[in-house]
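Q: I'd like to learn how to read a model like this one, feature by feature. Can we go through it together?

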Amino acid sequence: MGFATSNPFSPTMTISLLLLALLAGAQAEKQAPFSNIPTDIWAALSTRLSGRVFEAKPFAEPCFTNATSIECASIQELYQNEKARTHQAGGYTWGQWEGCQDTGEQCLLDFAVPTDEAATASPNTCDLGSIPKHFIDVRGPADVIAAYEFSKETGIPLVVKNTGHDFKGRSSGRGSLALWVRGLLPSTRYPINARLAFQTHNLKDISYDVAFVAEGCSDAYPAVTAGAGVQFFEAYQFAEENNITLVGGSDATVGFAGGFTMGGGHGVLSPVLGLAVDRALQFKIVTPDGKYRTASACNNEDLFFALRGGGGGTFGVVLEATILAAPAAPVQVVVVTWAEKSPERTEALWTLIGENAIGWADAGWGGYSMSELALFVTQRLSKDEAAASMAPLLAHAEALKAEGVAGAMAMVMEFPSFLPFFTSFMTDAGGNAGAGKVGYSLSLTSRLVPRKSFETPKSRTRLVEALMAASGAPAPDAPLMIIQITAPTAARPADLAPGRTSVTPAWREAVYHVTSMGMWNWNATKTDIMAVYDRTSRLMDNVRHITPDAAYLNEADVYEPNHEVSFWGNHYPELATIKAKYDPDRLLDCWQCVGWNPDSERYQCYL
Ligand SMILES: Cc1cc2nc3c(=O)[nH]c(=O)nc-3n(C[C@H](O)[C@H](O)[C@H](O)COP(=O)(O)OP(=O)(O)OC[C@H]3O[C@@H](n4cnc5c(N)ncnc54)[C@H](O)[C@@H]3O)c2cc1C
Ligand SMILES: *[C@@H]1O[C@H](CO)[C@@H](O)[C@H](O)[C@H]1NC(C)=O
Ligand SMILES: *[C@@H]1O[C@H](CO)[C@@H](O)[C@H](O)[C@H]1NC(C)=O
Ligand SMILES: *[C@@H]1O[C@H](CO)[C@@H](O)[C@H](O)[C@H]1NC(C)=O
C-alpha cells in the first residue's frame with residue numbers, strides 16, 4: 001500500500017499558489033457551512049444530553065461588547081494566561097485557531113498590549129472564527145456516542161477539544177460540534193461564561209495503583225489512571241503526593257491523557273523514561289463505530305498501537321488513560337545562560353553541546369537549548385556525577401564569565417523530585433510555560449535530528465551551520481529556535497510499558513527535536529501571515545536538507561510536506577488501515593491526521 005499523496009506541495013508552493021489565487025481575485029467568498037440547519041436539532045441533542053450542549057463564546061468577546069466593562073478588564077488581565085484559556089470552552093492557546101485565517105473573521109485583542117483599544121474599535125467585530133459553534137460538556141461514553149450519531153445524521157463535523165493547546169488547529173473548526181473533554185473547574189475563579197461555572201468538573205479523576213493489570217494482560221505495573229480532562233499541573237502534583245514520577249512536557253496546562261500522549265509526548269525526563277507513548281498501558285476510548293472499548297497490549301491491540309503515536313482526534317475519543325509510573329527520584333540540573341545576544345556565542349554553545357551530544361544522551365541527560373541558554377536535566381546521575389559529566393559546559397560558562405559577558409552564569413542544582421524542579425524552571429504562577437505568554441498567533445516548524453548528525457566533526461559542523469541558518473539570527477524578527485533534547489535516547493525497554501508504538505521510528509534514532517516559531521499579532525493581513533509561515537518553514541529547510549524526513553507531529557509545520565512519512569515513517573500504512581476499520585465514515589477528521597480528507601469543508605479557515 002502506498003502513501004496518500006494528499007499534500008504534494010511544499011509549503012512554499014502551497015502558499016505561493018494561494019497568493020496567486022488571491023491576487024487574481026479568484027478566492028470565492030466562503031459561506032459558513034451548515035448555517036441553515038434548523039435549531040431544533042440542537043434542542044433535541046441537548047435534551048438527549050441533559051442540557052450539556054452549549055454555544056461557546058470567544059475568549060475576548062466581553063471586550064467587544066463593552067471595552068470598559070469589568071468583564072473586559074478581567075479578560076485583558078488574563079489574555080496571555082494559558083491556564084485561564086484552558087478553562088474556557090472557546091479559549092485556545094494560539095490566536096489563529098480561534099480566528100478564521102482565511103477570512104480574517106476573529107475576536108482577538110492586541111496580544112502585546114491587551115488593553116489596546118485599536119483591536120476592539122469599530123470596524124473590528126467579534127466573530128467565532130474557527131471556534132466550534134456548539135460544544136458538548138462530555139461526561140461519559142453515551143455523550144460521545146450521541147455526538148457520533150448526530151454527526152452522521154446531520155453531516156456536522158466533530159472536533160475533540162481538550163485544552164486547546166494544539167499548534168495545528170486540530171482542536172477547533174468553524175461550524176463544528178466540539179466534544180469538550182477538558183470539562184470545567186468547580187469554581188467561579190474566571191468569571192467568564194458565568195452560566196457554565198455552575199457545573200461541576202468532569203473527567204478529572206486521577207488514581208494510583210501500585211499493581212495495575214491492563215485488560216487481558218497478566219503483568220502488573222505501578223500506574224496512574226487519569227480522566228481525559230486532567231492537566232499536567234494536576235498530574236505532577238499528584239505524582240509528588242504519591243512519591244512517583246510521571247513523564248510530561250514543559251507545560252503545566254497541556255492535557256495529561258489527550259493529544260500529547262496520543263501524539264508522542266516528550267519532556268526532559270524522556271531520555272531516561274521514554275516518551276509518553278512508551279509509558280501508556282491502557283486507554284478507554286469510544287471509537288466512531290459507537291463502541292466503548294478498552295485498548296491495551298492484550299486487548300484491541302491494533303487500536304492500542306494506533307493510540308501510541310497515531311495522533312489525537314483520529315481513532316476515537318479517549319475518556320481515560322493509564323500511564324506507567326516511575327519511582328520518585330532526585331533531579332540534577334545544570335544551567336548555563338547569559339544575557340547579551342550574539343550569534344557567535346550561540347554558535348559556540350551549539351557547537352559545544354553538539355560535540356558532547358552523544359555522550360550526554362547516553363548518560364541520560366535531557367534538556368533545552370536556546371540562543372543564550374542551555375538547561376540539562378537528569379535523574380540518572382548523582383549531583384557529583386552530574387557536575388563531572390557536564391564539566392565541558394561548566395568550563396564554557398567559566399570562560400564566558402572570565403570574558404565579562406553580561407549576565408553569564410552557571411548553576412549546578414539538585415531537586416528532591418520532579419515537581420520542585422518543574423515549578424522552579426518551567427512554569428510561573430499563572431500557569432504559563434517557560435517560553436512565556438500565549439494568545440498570539442504563530443507558525444511552528446520542527447525536525448528530529450538523528451545521532452548520525454553528531455558522529456563526525458564534519459557532520460557536526462554541518463548541523464551547527466544548519467541550526468544557525470535556521471535560527472535566522474541576527475535578524476531582529478528571527479523565529480524563536482529551541483533545541484529540545486528530549487528524545488528517548490537512554491531509555492531501557494525493561495523500564496517501559498510493553499508493546500509497539502506508532503510514532504515515527506526516527507524518534508528512536510533522534511537526539512534533538514528542534515523547533516522554531518515565527519509569530520504575528522491580531523492585525524496581520526493574510527499576506528503577512530502567509531509570509532511568516534513561509535519564512536519559518538523555509539528557514540527550517542536548512543535542517544530538513546541534512547536530516548531524514550522526520551518530525552514530531554504535535555509540534556510540526558502546519559504545512560509539513562510529505563507529512564505521512566515525516567510523522568509516522570513506515571507505520572503509516574498500518575495506521576491508515578486501523579483508521580478505516582474503526583472510523584469507516586471518517587466521523588473524526590483533523591488536519592494532516594491519519595486518513596484525513598484534505599477537501600473537507602472543516603478546513604475552510606486554513607490558508
Ligand atoms: C506551551 C506549549 C508547550 C508544549 N510543550 C510540549 C512538550 O514539552 N512536549 C510535548 O510533547 N508537547 C508539547 N506541546 C505540544 C502538545 O503536546 C500539543 O499541543 C498537544 O496537541 C496538546 O494536547 P491537548 O489534548 O492538551 O490539546 P488539544 O488542543 O485540546 O488537543 C490536541 C489534539 O488531540 C485531540 N484530543 C485531545 N483530547 C483528546 C481525547 N480525549 N480523545 C481523542 N482526541 C483528543 C484533539 O482532537 C486534537 O487533535 C506543547 C504545547 C504548548 C502550547
Ligand atoms: C460599559 O461598562 C461600564 C462599567 O461597568 C459601564 O459603566 C458602562 O455603562 C457600560 N457601557 C455600555 C455601553 O453598556
Ligand atoms: C519514595 O520513593 C523512593 C523511591 O522508590 C523511596 O526510596 C523513598 O523511601 C520513598 N519515600 C517515601 C516517603 O515513601
Ligand atoms: C498593528 O497594531 C499595532 C498596535 O495597535 C500597531 O503598532 C501596528 O503598526 C499595526 N500593524 C499593522 C500591520 O497594521
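What follows is a chat about confidence, ligand surroundings and cavities.

A: Two bits of housekeeping come before the features. Residues are numbered from 1 along each chain as its sequence is written, while chains are lettered from A and ligands numbered from 1 in the order in which they are written. This is a predicted model, where local features need pLDDT of at least 70, side-chain atom pairs count only at pLDDT 80 or more, and totals for chains, interfaces and linings use all residues; side-chain values use heavy atoms, with hydrogens and water left out.

Q: What is the mean pLDDT of the protein chain?
A: pLDDT is the predictor's confidence in each residue, from 0 to 100. Here the chain's mean is 89, and 89% of its residues reach 70 or more. Over residues 1-33, though, the pLDDT is below 50, and beyond near neighbours in sequence that stretch has 46 contacts in the model (a contact means heavy atoms within 4.5 Å). Residues 428-435 also stay under 50, with 18 contacts beyond four places in sequence.

Q: How many residues surround ligand 1, and which are the closest?
A: A residue counts as near a molecule if one of its heavy atoms lies within 4 Å of it. For ligand 1 there are 32, the closest being Val160, Asn162, Thr163, Ser171 and Tyr552.

Q: Which side chain has a polar atom 2.7 Å from an oxygen atom of ligand 1?
A: For a ligand, a polar contact is a pair of N or O atoms within 3.5 Å. Ser171 has such a side-chain atom, and the Tyr552 side chain also places an N or O atom 2.7 Å from a ligand 1 oxygen. His165 uses a polar backbone atom, at 3.1 Å. The protein covers 97% of the 950 Å² of accessible area that ligand 1 has on its own (Shrake-Rupley method, 1.4 Å probe).

Q: Which residues are around ligand 4?
A: Asp110, Asp116, Trp522 and Asn523. Asp116 has a polar side-chain atom 2.7 Å from a ligand 4 oxygen, and for Asn523 the distance from a side-chain N or O atom to an oxygen of the ligand is 2.2 Å. Alone, ligand 4 exposes 360 Å², of which the protein buries 36%.

Q: And which residues are around ligand 2?
A: Asn66, Thr68 and Ser69. A polar side-chain atom of Asn66 sits 2.4 Å from an oxygen of ligand 2. The protein buries 29% of the 360 Å² that ligand 2 exposes when taken alone.

Q: How many cavities of 30 Å³ or more does the structure hold?
A: Rolling a probe the size of a water molecule over the atoms shows where empty space is left. On a 1 Å grid over the protein atoms alone, a cavity is a set of points where a 1.4 Å probe fits but cannot get out, and lining residues have an atom within 4 Å of a point. Grid points are joined across faces, edges and corners, and a volume is the space filled by probe spheres set on the points. The structure holds 10 of that size.

Technical notes
Polar contact = N/O pair within 3.5 Å; in protein donor to acceptor, adjacent residues only side chain to side chain. 1 Å grid on protein atoms, 1.4 Å probe; cavity = no way out; pocket = protein on both sides within 12 Å on 5 of 7 lines; lining within 4 Å.
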